[in-house]
Amino acid sequence: MIEDFDFKTVLAGIQADGLEISENYVAEIKDRTKYNAELAAYFIRMYEHTNQDRYFRRSYAVGGCGQTMLFDFHNKTRLADLIRLELCHDRFCLNCAKMRQVTYLDRFMPHILAMSDEKEILHLVLTAPNVSAPYLRPYMTIFFQAYGKLIRILNGTVTIRGIDFAPLGFAAALRNTEITYLRKDYHLHIHSIVAVNKGLHMPKIRTNKFSYDYVADPITGRVRRVHTRYFSDFEIFLQRLWRLLVDRIAARVFKFGLLFTEALPPSSPLYHVFKDGVARKVSAGKRKGAVTLDNIRAVGRNNGYSVVLDPVANENFIQVFKYAFKCEDEQAAFMSYDNFVALQEGTHGKKFMQGYGQWLKLKCDENIQDGFDDFFDVFKAYLWQVDRPESVNLTLEETLTKMREGEYTFITRSKLRNLLSNSTKQALLSHKDDFPPAPVPRFSFADLGLAYDRYLRNKDRVQLFGSVQKIVDPESGHNVVLLSEQQLHFLEDLFQSTENCHA
C-alpha cells in the first residue's frame, strides 16, 4: 500500500544528493538575464523602425524572461516544487540559451552514446574569415550549403574521382552554428559532432597558418606568434576541400540572384569571387573550379579555410549545443544596436541545429522542454494525494527570500529526474497504479496576469495594467485577476500560446 512508502527517504535523498534548487541556481538565472532589459529596448527600436508587431511582442517577452517563478508549495511535506519559470525562448536571451542547451543534451546524448559503442565520435569545427553585416545572411546560406555538400562527400553520396571515403565509415552528424563579432566584423563557426569508424590513424604532425595564434604581451603590447596546435593530413585535406566548396557554392548562389549592396573587404573569403558587388570568374577552364582531387591539392596547405577535427570531450559537447551568439562581443562589451540588427536580420528564419545521416530525423527545433519520466509523475501524484499544494508566483528576489527562510526544500523536475536509481525509486514506482495522476500544471490567463502584474507594474505598462481588478475566487480561495478585453489581447499576443491556456 502507498501508506507504507517511506516518503522521508525520498526527501532525505533529495537533500543528500544536492538535487534541491539552491540560491545559486536562482542567482544564475538573474545573472543570465542581466542584458534582457537592453535587448527589450532594442526590440522596441526595431518595432518603431519597422512597425512589425512581432518585435513589440518579443520586446516584452525578452524583458519578462526569468522574472517570475510559479511554485507548488506543499505545506505538510515542506516542499516547494518549481512548476514554471517564465521563458521568452528568444535566441538573444542567454537564459533561454542555457535552457535550450540542457534540452539538446537531454534529447541528443542518448543517441550519441548509443552510436559511440560502434563509432568514434569526433568534434568538427569549420570556419572562414570574417564578413561584414550585409553579407552575414548570404554567408550563412553559403556555409550551410557547403556543409551539406561536405557531408554528402564524406558519406559517399557525392564522389570525387581518385578518393575513396568508404574507410571513413561516416554514419551521422549534428551541426550547430555560432556567430562571434567585433565591431562590424562577424565570424561564423559551424560546430558539429560526427560519427565515423574507430581506429582511424590521423596523427597530428603538420603545421600551417592555423597552427598559430597572435597574442599581445600584457606589458609591452607587442604581438607575438604562438604555436597552439598541430594538424593531421586529413584535417589539412578538409581545409582545402572546405574552401573549394565555399567558393564554388558562393559563385552558384550569386548566379541565381544573390546581390550585394557594398564591396566585400579583402579579408572576406568571398573577395576573390565577388568584387565591388560584381561576380568574377573563379578560374578559367570548365573544370578549373570543380571539386576534384587536383583542384583540392591546388588550394595549398596555407590557403584553405580553418577546419579542426578532434576527439570529443565534455567541453566539445558544450560547444556544439551552446548559444548561437552572445550579448557580448569578443572584447566582452555589450552588443551595439547595429550588431543586434545585423544578427537579427542575418539569422531570422535560419535553422541552426540540423542532423545528418542516422541522426537526420532527430528533432532539432529550438523549443525548450521540461523532461518528465515515470518517477516524477508518480512522485508528483503522491504529493497531490497526501499534501495538496498551494500555487504561488514569486519574483526572483521573493524566491531568494523564501529560500533563506529555510522552511521549504525547493525542487524542480529537471533535477528530480536524476534522483535515486535505486530501491527507493523502484519502491515508489511500484505504487504507480495506486492513485490517479496529479493534474498537469499549466497557466490560466488569471495566473499569467498575477505573474506579469508584478513585473509590468514597474515598467511602462501602468496605463494598460493600472486598472487590474483582483478578487478572491470563492471556490478555491485563491486570488484571481479580472482582465479587460484589451489586457487579455495583450497577453494573448505576448505569449502566443492560447491553446495551452484556459480563460
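Leaving out residues up to four places away in sequence, Leu-238 touches Leu-124, Leu-150, Leu-154, Val-307 and Leu-309. Here, contact means heavy atoms within 4.5 Å.

Before going on, a word on where this comes from. This is a predicted model, where local features need pLDDT of at least 70 and side-chain atom pairs count only at pLDDT 80 or more, while totals for chains, interfaces and linings use all residues. Residues are numbered from 1 along each chain as its sequence is written, and side-chain values use heavy atoms, with hydrogens and water left out.

Back to Leu-238. It is one of the residues that touch the most other members of the largest nonpolar core, a core of 87 residues; the others are Phe-143, Tyr-147, Leu-241, Trp-242, Phe-340 and Leu-343. A nonpolar core is a set of buried Ala, Val, Leu, Ile, Met, Phe, Trp, Tyr and Cys residues joined through side-chain atoms within 4.5 Å. Buried means under 20% relative accessible area, exposed means over 50%, and partly exposed is in between (1.4 Å probe, protein chains only). Which helix gives this core its largest share? That is helix H6, residues 136-154, with 12 residues. Apart from this core lies another one, of 17 residues, including Ile-121, Ala-171, Trp-359 and Leu-362.

Now the whole protein. Its secondary structure comes to 17 helices and 16 strands. Helices (H or I, at least four residues) and strands (E, at least two) are DSSP runs, numbered from the N terminus. Of the 503 residues, 49% count as buried. Among contacts between residues at least 6 apart in sequence, 77% join residues at least 24 apart.

You will find Thr-127 in strand S3, residues 120-127, and it is buried, with a relative accessible area of 8%. Setting aside neighbours within four places in sequence, Thr-127 is in contact with Phe-143, His-187, Leu-188, His-189, Trp-242, Tyr-305 and Ser-306.

Next, please find helix H10, residues 337-347. Is H10 mostly covered or mostly uncovered? Mostly covered: 9 of its 11 residues are buried, among them Tyr-337, Phe-340 and Leu-343. The cover over those buried residues includes helix H3 (36-50), helix H4 (53-64), H6, strand S5 (172-182) and strand S6 (185-196). Just after H10, Gly-349 takes a positive phi of about 80 degrees.

On to the aromatic rings. A pair of rings is described by the distance of the centres and the angle of the planes. Rings of Phe, Tyr and Trp (its six-membered ring) pair if their centres lie within 6.5 Å; planes under 30 degrees apart count as stacked, over 60 as edge-to-face, and the rest as tilted. By this rule there are 22 aromatic pairs. One of them is Tyr-104 with Phe-108, a stacked pair at 5.5 Å centre to centre, with 20 degrees between the planes. These two residues are 4 apart in helix H5 (residues 94-116), so about one helical turn separates Tyr-104 from Phe-108. Both Tyr-104 and Phe-108 are buried. Elsewhere, ring pairs link Tyr-35, Tyr-42, Phe-43, Tyr-55, Phe-92, Phe-334, Tyr-337 and Phe-340 into a cluster.

Rings can have charged neighbours too. Arg-91 lies over the face of Phe-352, at 4.0 Å from the ring centre, and Arg-175 lies over the face of Phe-144, at 4.0 Å from the ring centre. The rule is that NZ of Lys or CZ of Arg is within 6 Å of the ring centre and within 35 degrees of the ring normal.

Last stop: salt bridges. A salt bridge is a side-chain nitrogen of Lys or Arg within 4 Å of a carboxyl oxygen of Asp or Glu, and a search of the whole structure finds 11. In one of them, the side chains of Arg-404 and Glu-23 meet at 3.2 Å, N to O. Arg-404 lies in helix H12 (residues 396-405) and Glu-23 in helix H2 (residues 23-32), so this pair ties together parts that are 381 residues apart in sequence. Arg-404 is exposed, at 54% relative accessible area, while Glu-23 is partly exposed, at 34%.

Another salt bridge joins Arg-229 and Asp-310, at 3.1 Å, N to O. Through shared partners, salt bridges join Lys-204, Arg-229, Glu-235 and Asp-310 into one network.
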